[in-house]
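Hi,

Here is the structure I said I would pass on to you. Have a look at it, and then read on for what turned up.

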Amino acid sequence: MKLGVVTYGHPVLREKGKRIEKITPEIQQLIADMFETMYDAHGVGLAAQQVGKALQLTVIDVRESKERPSTLELEGRPADPASIMPLVLINPKWTPLNEEEPGPEGCLSFPEIYADIKRPESIDVTATNAKGENISFRCGGLLARAIQHEYDHLHGILFIDRMEKSDRKKIQKELDGLQYTTKQLIKKGRRD
Ligand code: ZN
């Protein structure tokens, strides 16, 4: 089932996600619904907070983004990033492997808003998958960026928090407008 994506101004986007200790049927259903929602919105990643659930759960699929490549290493060997897609990350952790560099980002909770954000180009990732197994891999490019963006969501951090001050200033009016609209929708009981 397609879920509603909450937009900037909804308090759940600032909540740190609870760890998931057991993959229940409810969690499996949530994962399926999050993929449906993400594909419908043509996103490459979606965090549980964005569908109103403060949990350590995100879904990612970068296969459609041919113009922004990703790299993957499994057990020290180069692998096809598509081989781990669609990707479910539960309770993920990551460590940086190099310096930050800017790259373009958008977010389904911020329609029509884009900015360059500085993040490490490649990272090591550990997480639990949808079967409850521990997984680890090294990745770069768009996949590494998407994972860091979604990891931030799981901790109540938004990409606007990482924008250059000058970029943020340019879009502040749009942000204020979006926040206002979201709060109005909540008031009317349409987004709770
Ligand atoms: Zn986002």
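Let's start with helix α2, which has 14 residues and runs 20 Å from its first C-alpha to its last, close to the 20 Å expected at 1.5 Å a residue. (That expected span is 1.5 Å times one less than the number of residues in the helix; helices are DSSP runs of H or I with at least four residues, strands are runs of E with at least two, and both are numbered from the N terminus.) Before we go on: this is a predicted model, so local features need pLDDT of at least 70 and side-chain atom pairs count only at pLDDT 80 or more, while totals for chains, interfaces and linings use all residues. Residues are numbered from 1 along each chain as its sequence is written, and side-chain values use heavy atoms, with hydrogens and water left out.

After the helix comes Gly-156, with a positive phi near 75°.

Now the zinc ion. Its protein donors are Cys-107 (SG), His-149 (NE2) and His-153 (NE2), at 2.0 to 2.2 Å. Donors here are N, O and S atoms within 2.8 Å of the metal (3.2 Å for Na, K and Ca), and sites may look incomplete because water is not among the atoms. Along the chain, the donors are spaced C-x41-H-x3-H. His-149 and His-153 are about one helical turn apart, because they sit four residues apart in α2 (residues 141-154). His-149 counts as buried because its relative accessibility is 7%, and His-153 does too, at 1%.

Next, the largest pocket, with a volume of about 450 Å³. A pocket is an open set of points on a 1 Å grid over the protein atoms alone, where a 1.4 Å probe fits, with protein on both sides within 12 Å along at least five of seven lines; lining residues have an atom within 4 Å of a point. Of its 25 lining residues, the closest to the centre are Gly-43, Val-44, Glu-105, Gly-106 and Cys-107. α2 gives the most to this lining, six residues.

Finally, the second largest pocket has a volume of about 170 Å³. (For both volumes, grid points are joined across faces, edges and corners, and the volume is the space filled by probe spheres set on the points.) Its largest share of lining, three residues, comes from β9.

Cheers

How values were computed. Buried means under 20% relative accessible area, exposed over 50%, partly exposed in between (1.4 Å probe, protein chains only).
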